[in-house]
Amino acid sequence: MEVREDIVIVGAGIAGLTTSLGLHREGIRSLVLESSDSLRTTGFAFTAWTNAWKALDAVGIGDSLRQRHDLFHGISTTSTISGVQTSEKSFKANGKQGDHEVRCVVRKVLLETLSNELPTGTIRFSSKVVSIEDSGFSKLLHLADGTIIRTKVLIGCDGVNSVVGKWLGLGKVSFTGRCAIRGCTFYNKSHGFDPKFMQFFGQGVRSGVLPCDVNSVYWFFTWTPSQQERHRENDPAEMKQFVLSKLGKMPEKVKAVIEKTSLDCIMSSPLTYRNPFKLLLGNISKGNACVAGDALHPMTPDVGQGGCCALEDGIVLARCLAEALMKQPIYKKSDEEEYYRIEMGLKKYAKERKWRSFDLITTSYIVGFFQQSDGKLMTFIRDTCLAKFLAGLLLKKASFDCGKLKLS
C-alpha cells in the first residue's frame, strides 16, 4: 500500500515537532513519523536559554511554558574539591538580543505542548522507517510494517542514529569518551532552592542542579568512565550510589536532591558529537531531503545548547520551506519546478544552520574538556581564571535570534 504525503518528518522529538508546528503556523500540513508508541522524553529536562525562548515564541507556545517553569536569576560555580564557590553571574544584565531568559524545561511538558498544538493525526506512532529510495521527484519511505510513503519533502529529525542522515551520507557520530547520568527529583512540597543554575566541578567530574518549578529539580553528572564503570549504566541503583560517592564537598542540601531521586528517574547515556569538520564538508541537505536536531548536530551538553539548537532548526527550516513552497512559479507549475523550489529552500536552511552548528559543537567540546579536566594545574586555571569566563560564554552562545516565521 502506497500513501502520498507532501512533507514527512521522521522523529517526534524537539526538532521534529517544532518543524511540524512551524509549518502548521505557516498553513502547511506535514506528517510526523515516530518509531515509538508514544512521545519519548529521554533526558527528563534541558536548559532553555534565551535563544530557545525566541524559537518557542515564534511558534506561539512560549508563554504557556513560562507559566510552568521558574525563571532563573543567575548561575553559580562551585569547586567540589575545596567547597568554595568560584564564580557567580547574574542573568539580569542585558544580552545581545535583550534580557537573558533562562529556565529549566521539562522535556515531557515541551513535547506535549508542541503535540497538542498540532492538528489531530499529524503524528503517526509505531512507524519506523527502515529504508529510503529515490523515485523521480519524490522519496519513497519503507516502514517496518510494510507501508510505503511517497513524499515530496523528507526531513530527518530522528536522532544521532538517523536513517535520513545515513542516506545523506553524514556518517556515524563519534564517542567523546565521556558519559552522563541524569535524573529528576520530585517533591510534594517546595524544594526550597532559589531559581538558579548551580554547577560543580572537581576531580574530573562536572555536575549541576537546576530547579524546573517549585516541585521538581533536574540534575546531571558527567565524567569519563573506566571500562568497569561503563557496566553500571544499566543499573540505576549502582549509578545513584556511584554519583553520590563522587560529589566531594558539594552542599548537603544539593546532595540530598540526588539521594531523594527514585530509581525510575535516573538514566545514563554516552556523550557523542558529530565531527564539526565532517559536518562542514557533508550534506545537511540533498535534493528534497535534509536533517535537523540531533540528526544534524549532536553535541556534548557543556554549553547547554543541544535542545535549544533543535528549536532554532525547526523555526529556520519551517520558514525556508514555507518560502519555497509558497513562491509563485516563474513558468508553468510542474513537479520538476516544485522540486527545484524545495531543493533551493532546503539549501538556504542548510546554509543558515551549518556554521551555527559548527560553532556550538566545537565550543561544547572544548568547554567540556576544560570543565571536566583533572589535575592540579587544570583545576587551578579553571577555578581561578576560567570560571567566570565559561559562565559568560554560556550567555554569549545563547544570544542568538533564529528569527520569526514568515507569516507570524
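Reply: Let's start with a term: a crossing of two helices is called left-handed if the near helix is turned anticlockwise from the far one by less than a right angle. Keep in mind that this is a predicted model. Now look at helix α2 (residues 50-58) and helix α10 (residues 306-326), whose axes come within 8 Å and cross at roughly 35°. Their crossing is left-handed. And who touches whom? On the α2 side you'll find Asn51, Ala52, Ala55, Leu56 and Ala58, and they meet Cys308, Leu311, Glu312 and Ile315 of α10.

Eight of its eight residues are buried, so β16 is largely enclosed by the rest of the structure. Side chains in a regular strand alternate between the two faces of the sheet. In β16, Ser216, Tyr218, Phe220 and Thr222 point one way, while Val217, Trp219, Phe221 and Trp223 point the other way.

β16 also has strand neighbours. Strand β13 (residues 174-186) pairs with β16 in the antiparallel sense over eight bridges, and Cys184 stands opposite Tyr218 of β16. Strand β15 (residues 205-213) runs antiparallel to β16 too, joined by eight bridges; there, Ser207 has Phe221 as its bridge partner. Between β15 and β16 sit two residues, and the two strands form a hairpin.

Notes. Residues numbered from 1 in each chain as written. Predicted model: local features only at pLDDT ≥ 70, side-chain atom pairs only at ≥ 80, totals over all residues. Heavy atoms only, no water. Axes fitted to C-alpha atoms, helices over the stretch in contact; angles between N-to-C directions. Helix = DSSP H or I, 4+ residues; strand = E, 2+ residues; numbered from the N terminus. Contact = heavy atoms within 4.5 Å. Buried < 20%, exposed > 50% of the residue type's maximum accessible area, 1.4 Å probe, protein only. Pairing = 2+ DSSP bridges.
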